[in-house]
Amino acid sequence: MKVGMKTVLCTLAAALVSGHASASTEKLAQAEAAYQAREYDAAGKAQAQTAAQLYGELAAEQTTAVARAKYLSAQSEALYFLGHASDDKALKIQHHLAGLAAGEKAVAEFGITDVTQANVALLKSQFQADDLKVLAEALYQRGANLGQWGQANGVTESLGRWPDLKATMQLIIDLGFSSIQDYGPLRTLGRGNHQIPALLGGSNKRAEKYLQSAVSKTKAPGTIYSVNGYNNTFYAELLRDIEKADEGRALLESFVRADAAQLNPRMAPETRRAQREALDLLNNW
């Protein structure tokens, strides 16, 4: 039986598409495995670097805006970890700047070039809930890197970028995704309001509202502490500064005894780091 040229070409095209999909699936598995192997030592940072590279390659291979945004956001998160794990200030700034750039590219895939001008109603009418969740994650990773980049650069940069960071977190909340990253938008707004002097727009009252909410909404069952380590440390530091030190100490003492792997398995390296920082806080309380 003769096989027509059209049939051969169709078969070849299908094989190529299948092969590409298989390669992408394998690369995604490699990227996720590398990110899950991240740690704050040299080997763990190398794993995070590998993940960032692979997520960037995956983003470049995608044919839809939302798919590109998803992988750019994952790349931004891996770069954030590298910045957080870096003791060298210049390297820290470099990683967070790269993470910020990846996050901005992800957000731009949704047509947003200025978060302060984003139209929430229009975005909700244009995108399905699953796609908006990808946008919310991209906004969060962009904001997380923006905040750490500003902090690493000093007080002036931190203050100068606060309105942008605040608008980014508020946009996530307005889109209906305040719960992402263990109520990361509330954690970020709380931390910012605590760290920025009142004369320049900070507010311990607002900080308490945000951080208390982040902790209470993410408590490990039967405990007083959050499954997110930085919800705990940020809230405890605030409590110490608003004359509720005993409450803050109790929170930290309970948190440091927790099993990091059980609280939030995906964030275990960050939780262990937060527990070490919590011990330092207690030793200097």
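Trainee: Quick one to start: which helix does Gln-181 lie in?
Mentor: Gln-181 lies in α8, the helix covering residues 180–195. Keep in mind that this is a predicted model.

Trainee: Okay, and what's its phi, given that Gln-181 is not a glycine?
Mentor: Gln-181 has a positive phi, about 55°. Most residues other than glycine have a negative phi.

Trainee: Does Gln-181 count as buried or exposed?
Mentor: Buried: Gln-181 has 19% relative accessibility, and the cut-off for buried is under 20%.

Trainee: What about Glu-243, where is that found?
Mentor: Glu-243 sits in the loop between α10 (229–241) and α11 (245–255). Glu-243 is not a glycine either, yet its phi is positive at about 65°. With 78% relative accessibility, Glu-243 counts as exposed.

Trainee: Switching to rings. How many aromatic pairs does the structure hold?
Mentor: There are 4 aromatic pairs. One of them is Phe-110 with Phe-127: the ring centres are 5.0 Å apart and the planes are at 65°, so the pair is edge-to-face.

Trainee: Which parts does the pair of Phe-110 and Phe-127 tie together?
Mentor: Two loops. Phe-110 is in the loop between α4 (89–108) and α5 (120–126), and Phe-127 is in the loop between α5 and α6 (129–153), so the pair links parts 17 residues apart in sequence.

Trainee: Are those two Phe residues buried or exposed?
Mentor: Phe-110 and Phe-127 are both buried.

Trainee: Last topic: which ring does Arg-38 lie over?
Mentor: Arg-38 lies over the face of Phe-81, 5.6 Å from the ring centre. Arg-240 lies over the face of Trp-285, at 5.1 Å from that ring centre.

How values were computed: Residues are numbered from 1 along each chain as its sequence is written. This is a predicted model: local features need pLDDT of at least 70, side-chain atom pairs count only at pLDDT 80 or more; totals for chains, interfaces and linings use all residues. Side-chain values use heavy atoms; hydrogens and water are left out. Rings of Phe, Tyr and Trp (its six-membered ring) pair if their centres lie within 6.5 Å; planes under 30 degrees apart count as stacked, over 60 as edge-to-face and the rest as tilted. Helices (H or I, at least four residues) and strands (E, at least two) are DSSP runs, numbered from the N terminus. Buried means under 20% relative accessible area, exposed over 50%, partly exposed in between (1.4 Å probe, protein chains only). A charge sits over a ring if NZ of Lys or CZ of Arg is within 6 Å of the ring centre and within 35 degrees of the ring normal.
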